Amino acid sequence: MPHLDAADPLPCRPRRVLVAGTSGAGKTTLASRIATSLHAPHVEIDGLFHGPSWTRRPSFEDDVRLFAAGPSWVTEWQYSAVRDHLADLADLVVWLDLPKITVMRQVVRRTVVRRLRRQRLWNGNVEPPLWTLLTDPEHIVRWAWNTHPRTATRIEALAARRPDLPVVRLRSHAAADRWLRGPLNQAQCDIA
C-alpha cells in the first residue's frame with residue numbers, strides 16, 4: 001500500500017495506531033491527539049520504558065504486551081524490543097516525518113525548558129544538566145540528530161513486511177492538523 005498523505009481518506013477508522021518519527025518530532029503530542037479523536041487510550045511508551053534514574057523498567061515488555069492485547073490504543077512506535085510486536089497488531093501507522101531542522105529546533109527547546117524547570121518526567125526522572133550534551137553520546141539532542149534518518153528505513157522495512165498496513169506520512173504539524181480534522185475525523189467503519 002502506498003503512503004497516504006494528509007488529504008487521503010483512510011480505508012477504515014483505526015483502532016490500534018502507531019505514531020512513528022524521530023525523537024523530538026512530536027510523536028507523543030500527536031498520539032495524544034489521535035487517541036482523543038478515536039476515544040482510545042493513549043499509552044505513552046516512554047512511561048513504560050523509563051524507570052527511576054533513567055533505567056529500563058524490568059516489566060517493560062510485559063507491560064507493552066498487556067496494553068497491546070487490548071481492543072484499541074494509540075502509542076509511539078519506538079524501542080526495538082517491542083517495535084515488531086506493536087507493528088504486527090497495528091492497523092495504522094502515522095509517520096510524523098518532519099525536516100531535521102524542525103525536529104532539532106523542537107528537541108533543543110523542549111530539552112532546555114524541561115531542564116530549566118526541572119520538570120518531572122516518567123518515574124521522577126528529570127533531564128540531565130545541559131552540559132551533558134557535550135559528553136553523553138546518547139543525550140536526547142544528539143540522539144535526535146544522529147537517528148533522524150532511521151525512521152524512513154524502518155517504515156520501508158515495515159512496508160515490505162506488512163504491505164497491508166496503511167501508513168499516513170505527515171511532513172509538517174499543519175499537515176497533521178489537516179489530517180486530524182479531515183481523514184481521521186471522517187473515517188467511518190471500524191477495522192474488524
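Q: Why does Glu61 count as partly exposed?
A: In this predicted model, Glu61 has a relative accessibility of 30%. Buried means under 20% and exposed means over 50%, with partly exposed in between, so Glu61 counts as partly exposed at 30%.

Q: What makes the contact of Arg56 with Glu61 a salt bridge?
A: The closest N and O atoms of Arg56 and Glu61 are 2.7 Å apart. The rule asks for a side-chain nitrogen of Lys or Arg within 4 Å of a carboxyl oxygen of Asp or Glu, and the pair therefore qualifies at 2.7 Å. Arg56 counts as partly exposed, at 41% relative accessibility. By this rule the count comes to 8 salt bridges.

Q: Why is Arg162 called buried?
A: Arg162 has a relative accessible area of 14%. The cut-off for buried is under 20%, so Arg162 is buried. Its salt-bridge partner is Asp164, with the closest N and O atoms 3.0 Å apart. Asp164 has a relative accessible area of 49% and is partly exposed, because exposed begins only over 50%.

Q: What parts of the chain does the pair Arg161 and Asp84 tie together?
A: The side chains of Arg161 and Asp84 meet in a salt bridge at 3.5 Å, N to O. Arg161 lies in helix 7 and Asp84 in helix 4, so the pair ties together parts that are 77 residues apart in sequence. Arg161 is partly exposed at 40%, and Asp84 is partly exposed at 48%.

Q: How do you know that the buried residues of helix 7 lie on the same side?
A: The buried residues of helix 7 are Thr151, Ile155 and Leu158. They cover an arc of only 65° around the axis, which puts them on the same side of helix 7. An α-helix has 3.6 residues a turn, so residues three or four places apart point the same way. On the other side of helix 7, Thr153, Glu156 and Ala160 are exposed.

Q: Against what do the buried residues of helix 7 pack?
A: They pack against strand 1, helix 4, strand 4, helix 6 and strand 5. Helix 7 lies across strands 1, 4 and 5, running at about 160° to strand 4.

Q: What makes strand 2 and strand 5 edge strands?
A: The 5 strands form an open sheet in the order 2-3-1-4-5, with parallel pairing. Strand 2 (42–43) and strand 5 (167–170) each pair on one side only.

Definitions and conventions. Residues numbered from 1 in each chain as written. Predicted model: local features only at pLDDT ≥ 70, side-chain atom pairs only at ≥ 80, totals over all residues. Heavy atoms only, no water. Pairing = 2+ DSSP bridges. Helix = DSSP H or I, 4+ residues; strand = E, 2+ residues; numbered from the N terminus. Contact = heavy atoms within 4.5 Å. Axes fitted to C-alpha atoms, helices over the stretch in contact; angles between N-to-C directions. Buried < 20%, exposed > 50% of the residue type's maximum accessible area, 1.4 Å probe, protein only. Arc of directions from axis to C-beta.
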